[in-house]
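Trainee: I would like to learn how to read a fold like this one. Please take me through it feature by feature.

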Amino acid sequence: MVEIKPEVNNRRATDKQFTLLCIDDETANLKVLASIFKENYKVVVCKQAKQGLKIALDILPDLILLDVVMPECSGFELIQQLKKEPSIKHIPVIFITGLQSAEDEQKGLNLGACDYIQKPFNSGIVRARVNTHLEIIRQRQLLERFAHFDSLTEVPNRRKWQIDSESQWIFAREHQEPLVLGIIDIDFFKRYNDSYGHQQGDIVLRKVANSIRRVLFDVGGEIYRCGGEEFYFYIPVVKGTRVEAVLADCSDAVSAMGIQHMSSEASTILTVSIGAIQVLPQAKYNIEQVIAQADDKLYSVKQSTRNAVHFEHFVDVNESGTSQLIRV
Ligand SMILES: Nc1nc2c(ncn2[C@@H]2O[C@H](COP(=O)(O)OP(=O)(O)OP(=O)(O)O)[C@@H](O)[C@H]2O)c(=O)[nH]1
């Protein structure tokens, strides 16, 4: 059983190991819940409702077990706050409470709880109910994985790009932070397939995607397979992000694998071309316009040497048709 302070920056829950957050003002109840679940799950306990909200935001648990009657903030109040937070509103909440009336149970469920367990509870029943909800979560995560990840390369797909690029865009706009959007394309990949076979081409696609993904991961970015051998990516630009260096690292990560490509005109090894645009998101333009410019940059690489990065700041074409460089 771990009791944690909200300021501690805990690791996020992964789908390998479920994390339960138990919020109850009674230490004895927390001990019982922890003893039931600690063998199979990571259990985080918290004695104060308000702290519970902070912890939930911090660790993103898979499931929350919530008492109702607590000093300073009831479980009914807390669930309403939890459901207002975009990053945690999807997390299932089970009330575990001494309140036994049908009205209270109805209220709890109407507030968005997925289950309502009355105290004193039977350990076996609590375990069974929690396991059922975790199984639903497991299934949902699996479905999301199928829906959002490319099965060949295992990087996120176009559908996920649409979701993530939108939220990155909104975040950057709200925080007035620049964002880089770009496209990566493997050079002479048709010839690679023709020379080394489609199966080998598949292996290379996976290697390329994941080598770049590792580079982007370090700077909070992500790569998406949006076409056969075309990948979109974003990089959030925060203080200290050296965008040119990151883009060069992406290109170098592919070259460093030293994958032989004798029919390429760009090199004797497999290389990529990258077009990228940095933008300070504003309401008057959108992701598609920026990606279109990144595509122009990619096209210009493909028309020249390939195996290179063309990177620029977003150019806004105003109503009079003249271009204007947006300062970022
Ligand atoms: N092995 C494999 N090949 C793919 C897959 N998806 C698309 N491709 C191939 O990627 C190649 C893309 O070819 P082109 O669009 O002509 O581009 P390119 O040969 O890379 O030429 P440039 O982009 O101009 O350097 C095609 O031959 C497709 O068959 C895939 O999932 N696996």
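Trainee: How many bridges join S8 to strand S9, and in which sense do they run?
Mentor: Start with the terms. Strands (E, at least two residues) and helices (H or I, at least four) are DSSP runs, numbered from the N terminus. Two strands pair if DSSP finds at least two bridges between them. Here 4 bridges join S8 to strand S9 (residues 230-236), and the two run antiparallel. Isoleucine 223 has phenylalanine 233 of S9 as its bridge partner.

Trainee: What should I know about the model and its numbering?
Mentor: It is a predicted model: local features need pLDDT of at least 70, side-chain atom pairs count only at pLDDT 80 or more, and totals for chains, interfaces and linings use all residues. Residues are numbered from 1 along each chain as its sequence is written.

Trainee: In what order do the strands of the open sheet lie?
Mentor: The order is S8-S9-S7-S10-S11, 5 strands with mixed pairing. Strand S8 (222-225) and strand S11 (309-313) stand at the edges; each has a single partner strand, so one side of each lacks a neighbour in the sheet. From one strand to the next, the twist averages 15°.

Trainee: Which helices pack on the sheet?
Mentor: Contact means C-beta atoms, placed from the backbone, within 7 Å. Axes are lines fitted to C-alpha atoms, for helices over the stretch in contact; angles run from 0 to 180 degrees between N-to-C directions. H8 packs on the sheet and touches S7, S8, S9 and strand S10 (272-279). Its direction makes about 155° with that of S8. Helix H10 (residues 287-303) also packs there, touching S7, S9, S10 and S11. The direction of H10 makes about 145° with that of S10.

Trainee: Is S7 largely enclosed or left open by the rest of the structure?
Mentor: Count neighbours. A residue is buried if 20 or more other C-beta atoms lie within 10 Å of its own, exposed if 12 or fewer, and partly exposed in between, with C-beta atoms placed from the backbone. In S7, 8 of the 8 residues are buried, so the strand is largely enclosed.

Trainee: Which way do the residues of S7 point?
Mentor: In a regular strand the side chains alternate between the two faces of the sheet. Leu179, Leu181, Ile183 and Asp185 point one way from S7; Val180, Gly182, Ile184 and Ile186 point the other way. S7 is joined to S9 by 7 antiparallel bridges, and to S10 by 8 bridges, again antiparallel. Leucine 179 stands opposite proline 236 in S9 and opposite valine 279 in S10.

Trainee: Where is phenylalanine 188, and what is its phi?
Mentor: Most residues other than glycine have a negative phi, and most peptide bonds are trans. Phenylalanine 188 has phi near 50°, a positive value. It sits in the loop between S7 and H7. With 19 C-beta neighbours inside 10 Å, phenylalanine 188 counts as partly exposed.

Trainee: Which peptide bond is cis?
Mentor: The bond from lysine 119 to proline 120 is cis, with omega near -5°. Proline 120 lies in the loop between strand S6 (115-118) and helix H5 (123-148).

Trainee: How many residues surround the ligand?
Mentor: A residue is near a molecule if its C-beta atom, placed from the backbone, lies within 6 Å of it. Here 17 residues surround the ligand, and the closest are Asp187, Phe189, Lys190, Gly201 and Gly228. Strand S7 (179-186), helix H7 (189-196) and helix H8 (198-217) each give two or more residues to the shell.

Note on methods: Two residues are in contact if their C-beta atoms, placed from the backbone, lie within 7 Å.
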